[in-house]
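I am opening a new page for this protein and its ligand. My notes follow the order in which I looked things up.

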Amino acid sequence: MLETKELTIRFGGHVAVDRVSCAFAPGTLTAIVGPNGAGKTTYFNLISGQLRASAGTVWLNGTDITGETVPARTHRGLGRAFQLTQLFPNLSVLENVRLAVQSKRHEGLSLFAVWLDRKETLERARALVAQVRLGDRVDAAASSLPHGDQRKLEVAMLMALEPSVYMFDEPTAGMSVDDVPVILDLIRQLKGARDKTILLVEHKMDVVRELADRIIVLHNGQLVADGEPAAVIASPIVQQAYLGLVPEISPSGQDGPAPFPTFPLAGEGAGRGDAVRGA
Ligand SMILES: Nc1ncnc2c1ncn2[C@@H]1O[C@H](COP(=O)(O)OP(=O)(O)OP(=O)(O)O)[C@@H](O)[C@H]1O
Ligand SMILES: [Mg+2]
């Protein structure tokens, strides 16, 4: 069980995440939605340890991990997609995944063990590469991949770490029509395993509707709605924030237009005072 209690971060005078208390159970996929700048990514950064909380705590399986480093949290099973900057750009797709598999298997173990286990490690890496549909790009340098393939590589490396908590921050942003289903399918597979805690920040409401067991809404850093998808989508805050606007094609597409309509929230739609927790 992952839980945040009154989790807060201030940047100067701005409270980007404001006393967010929320628990996430294994076997559930929670979508985190909210307008641009609502604090979704910052909330992820606080959970994974990239940012330090100004106040409040993060708990994983009964342990307070608020003061722990990113690697310590990763070791405990918190999995955040690798950023492209963490990849080895000049190494191949397979080598990158192999290193991730190796880091999972040999945390603190000897090189001899690595050598003994080499074949198995390589096989596991190949299986993961195939699973994210990069089987025909195994030897390509990570830096040479198009955007969509790089994101698939990130997911393969994340899966190599076998986390118990998966955090996906707009995993399909900027992806081509062909690539989006691959990523969604992987998330569906992870969900099917039933023992993973999955957090998904996503703007595409049809994706959210299909995948989420639960939706929480952040607005101005605060948790303003939390519940079963149909109820949250029907709630005034989400209607106002997302559905009051005409759906449009994602402007973030780099490989062409996104295949799903998105409902970006312009600031005008929802005033600060309108947010009612549990709406
Ligand atoms: N390191 C930082 N220093 C100062 N302000 C920050 C920092 N990180 C985030 N913020 C601010 O915190 C607020 C929340 O940003 P965040 O990126 O978490 O929003 P978001 O919900 O992920 O938005 P989007 O949907 O656009 O990705 C924004 O006002 C942002 O400018
Ligand atoms: Mg964000």
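Which helix gives the most to the shell around ligand 1? I find that helix H1 (residues 40-48) does, with 3 residues; helices here are DSSP runs of H or I with at least four residues, and strands are runs of E with at least two, numbered from the N terminus.

I note that this is a predicted model, in which local features need pLDDT of at least 70 and side-chain atom pairs count only at pLDDT 80 or more, while totals for chains, interfaces and linings use all residues. Residues are numbered from 1 along each chain as its sequence is written, and chains are lettered from A and ligands numbered from 1 in the order in which they are written.

I listed the residues around ligand 1 (C-beta atom, placed from the backbone, within 6 Å of it), and among them are Phe11, Asn36, Lys40 and Thr41.

I then turned to Ile9, which is found in strand S1 (residues 2-11). Ile9 counts as buried because it has 22 C-beta neighbours inside 10 Å, where the cut-off is 20 or more, with 12 or fewer for exposed and partly exposed in between. Leaving out residues up to four places away in sequence, Ile9 touches Ala16, Val17, Thr42, Leu46, Leu51, Ala53 and Ser54, a contact being two C-beta atoms, placed from the backbone, within 7 Å.

Last, I checked confidence: pLDDT (the predictor's confidence in each residue, from 0 to 100) averages 83 over the protein, and 80% of the residues score at least 70. Over residues 245-279 the pLDDT is below 50. Where pLDDT is low, the predicted coordinates should not be read in detail.
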